[in-house]
Every structure is written in structure tokens, then in C-alpha cells.
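Work through the exercises below with the model open. Each task is followed by a solution in steps.

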Amino acid sequence: MAAYVPSGENPGTVLILITAAFTGTDPVVARRSAKENGIAPARRDRGIMISTASRGPETLSLQQQAFDSSGLGSEVRQSDFRKYRQVLSKATKDQLVADAVASAANTFNGTCGLRYTRKGSRYICVIDSYPKTLVLRKIAANLSSITMTRPSERSRLIKVLLLFLTQEIQFRLYRFDVRRFFDSLSVQGSLAHVADSAVSRKTVELLAAVLREHTAAGKPGIPTGLAISAALAELMMDPFDQYVRSLPGVFYLGRFVDDIVVITCGEEDVSEFERGLLAALPPGTSFGAKKQDRVDAPRVDHGSSVEIGRFDYLGYEFKIRDERVRSKESKRVVDVDLSERSVKRLLTRTAKAFRAYASDGRFDELYLRICYLTSNYRLFDPLVNRKRLAGVYHNHPFLTYHPGNSLQELDGALRRLVFDSPNTRAGAGVQLNAQQRRMLAARSFVQGHMRKQYRAFDIKTLALIKRCWLDG
């Protein structure tokens, strides 16, 4: 992700806000630091580029890219001792690493062992062999070292985006989604791009073996779900990022895998600009027509209240508007809601919880499911080997509490299920006594988010809660 601060439109204000947000410093200190480092307004067609992407690993030398016991041993994670406990222990670690070295040396011994599970219209690829998993991780590490950046964090993207949207300047926002990104990527184009980069021949050879097996299985594009998937996708999108950052008049580029937001000064030719972005995409890919949005925001017209536009991005709906605060003063406001898709998912889960209760009569399970949906909790994340926070607030921390917001809509739907007659469609045949209604009525999406209410769920309880949603 990158932020581009324009010249000629009070860039200092935006620069200070972003610098302070990401360094945790006081805006006054940020201003002084910018001045000391020579950051000053440039010509309007140049601007100031500020990179807010997470810095990735340094470019690895060919020796560091080697698939030897040191390189592959470094891919063993502490969390693996839990996930792969049936085969991995301190006693077996060295042998499994040695098996990984042999597998890499012999190019997976002729087969990677790719296996597929279907999720909707997509196929998720998995590999059962732990030694081959280590090889895939090392391929990913070698690929990631080329771009010098890690994939953007969702919360960081939204935080910087909101800083830009609340500026009172004129801007134009483009929202794009790459259509079936992983399925559309060209295998030959991907391999050619990797071969031209600073990775070892062995890395290219092993990656080619994985992609050939994926293609031989009759699957399009590059596989999703493997350790190499995200790293290869980021590498393929890196030329697109560089192209957008080089364009004059671009304020901001936010990209989360294949979800893209670009903000400009609004003076470019729209058709020409969009054609340029399309041409910069990786071979075989294109923008999806259903998820394209464009918002033209003028400079704030003080003394008026008007809606500027709205768009969806990363599970949120953003509504940009100017709000009059005094007779001759207005401010730019961004109302942040759940996206329509996110609302539908939560409504579906709530309805399924009540349908399961109507079928089995287990109120304790219904209550646990509603608590799960309306509260926050801690989950163990095996990728980082520690617990992380999740739930109604932590999954969407940037929601605002404006009148008629999506959390209120969810509360209304929940109350209809609790209090409507069992004979109505909303009641879904659910029979509740007075005490049960009181218990469920006390649960609220708004309160769970606003007050950050927490519940404790163990692994078995979480599996029980999710069962009715996984069963269809």
C-alpha cells in the first residue's frame, strides 16, 4: 500500500496526519520531522510520495535462497508443533527438515501431492506433506524478498483511507476488483515474470512444478490456499502498484490482494486513466464490472449539507457527505457501515441459529450463537502462535454510529426473530418463553460493538456454535 500526498492542495495537512498516525508521534513533531527531512510542496504534477506499506524481508542472496537444512529449517514455525503434532516433534524435526531438503533437491519426487476442496465456485488447494509444506514456504519467502514489502494489513489500509476521505479538498475515487484474480493469472506469464526476477533457478524450477501439477489437474490460473499463493500474487501485482504510484495527480493507492482503491486530484481523463490501469494489470486479468465504483468529490461547499457518494471496500460501506455545522461552515464526514454483503452474512447466520433452535429445541445453543454474533472473543491464531481478538467490534472496528446504521438494522432483525409470533415468517416457528425472550433481547450488535463486550468460548464450544452454519 502507498499513500500519495498532492502538492498544491495543502499537502502538509495530509502529510502530518498520515505521519502521526503511523509513527504514533504528535503532529507538531511530525511537522518538524518532515521539514528536517526536506519534505516540502512540489509542483502540482509531481506531489510527494509516502510509502505506508509494511517493509518486508531484505532481498535474499542466492545463498540465502538455498533449499538446504538452514533455509528450510527456518521455515519451521512454533505453531507447527500444534498443527502437525501427529508427525512433528522435537525428536522428528531434523528428519522432517532433511526430508524437505531431499524433496526440494528431487523437485518434489515427481509430484507435489496437491489436493483440492471446494468452497462455493472456487477450489482451495491443500498439501498434506509437512516436508513439502516447508519447501512451499521457502519458495514463498524467496518470492516475497523481491518486492521488499509484505501484503497490506486490512486495518492499516482503512485507517489511511479514512484520513484521505475526510479532507476538504477535491478528489476522485476509483474502486476496482480484479475479476477471479487467482483463476485468471496466466501460468506462463507468472513463470516468465518470476524467471526475470532476482530469484534462484531452483526457486523457479520448484514453482514451475507446482503450477504444472495445478494445471494438469484441470484447474485454472494459480492455486489458492498454498503458502506460495499470496507471495506470488503480490509479486505479480507489484508492477501495477509501481505504475499507479508513478502517475501524476495520484493521492493514494490502497490494495488488499485484488481489491483496489485509487484516489486522484480529479483532473485526469477518466477513460484514459482507467485504460492505463487495466493495461498495467498482470497478463490474463481484468477488472470485474460488478465491483467498480467512482466517486467525484468537490471541495467542501461551506454552508451546505450534501451527500457526495458511497462505495464498498473490504467489508465496509463508506458514505461521504458534507455536513453543515454552522450557517457558513461545513465539514466533510464519512459514515462507515457494514457492506451489504457483510450484513447479509450476519442476517443469514442469525436466521440459521433460530431455525436450528426451531428444529432441535436447544435454547442454550441458540443463546451461545447469538452471544457469539453480538460480542467479542479471543481466538488462537496458529500463524503467529498467539491469541488474537475477533468479534463484532474487532472484525469491523471503524463502524460509525450514525442514525440508521447497519448495526441498528441487525438489532432490529434480531428483535423481530425474538418477539414476532411463531406463525410469522420472521418468527420461523420459534417458541420462546418470557425468560428466554428477555435473555435474547439483552443481546445487541450495537452494544457489543460500542462497549466492546467480551465472551469466553473454548474450542469445543466454538465448533458447536458454528455447526449450524456449516451444515447449510
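Which elements cover the buried residues of α13? The model is predicted, so to speak of local features pLDDT must be at least 70, side-chain atom pairs count only at pLDDT 80 or more, and totals for chains, interfaces and linings use all residues. Residues are numbered from 1 along each chain as its sequence is written, and side-chain values use heavy atoms, with hydrogens and water left out.

**Exercise 1. Find the cover of α13 and check its span.**

Step 1. Helices (DSSP runs of H or I, at least four residues) and strands (runs of E, at least two) are numbered from the N terminus. Buried means under 20% relative accessible area, exposed over 50%, and partly exposed in between (1.4 Å probe, protein chains only). In α13 the buried residues are S342, V343, L346, T350, K352, A353, F354, A356 and Y357.

Step 2. Their cover includes β11 (329–338), α14 (363–374), α15 (406–419), α16 (434–441), α17 (445–450) and α18 (459–470).

Step 3. The expected span of a helix is 1.5 Å times one less than its number of residues. For the 21 residues of α13 (residues 340–360) this gives 30 Å, and the end C-alpha atoms are 30 Å apart, so the two agree.

Step 4. Just after α13, G361 has a positive phi of about 70 degrees.

**Exercise 2. Classify the packing of α14 against α18.**

Step 1. Axes are lines fitted to C-alpha atoms, for helices over the stretch in contact, and angles run from 0 to 180 degrees between N-to-C directions. The axes of α14 and α18 lie 10 Å apart, at an angle of about 95 degrees. Therefore α14 is roughly perpendicular to α18 (under 35 degrees is roughly parallel, over 145 roughly antiparallel, 65 to 115 roughly perpendicular, the rest oblique).

Step 2. Contact means heavy atoms within 4.5 Å. E365, L368, R369, Y372 and L373 in α14 meet residues of α18 including T461, L462, I465 and W469.

**Exercise 3. Describe the setting of G391.**

Step 1. G391 lies in strand β13 (residues 386–391). G391 counts as buried because its relative accessibility is 3%.

Step 2. Leaving aside neighbours within four places in sequence, G391 contacts S375, N376, Y377 and H396. G391 and Y377 are 14 residues apart in sequence, and their C-alpha atoms are 5.9 Å apart.

**Exercise 4. Characterise the whole chain.**

Step 1. The protein chain has 18 helices and 13 strands.

Step 2. Of its 472 residues, 49% are buried.
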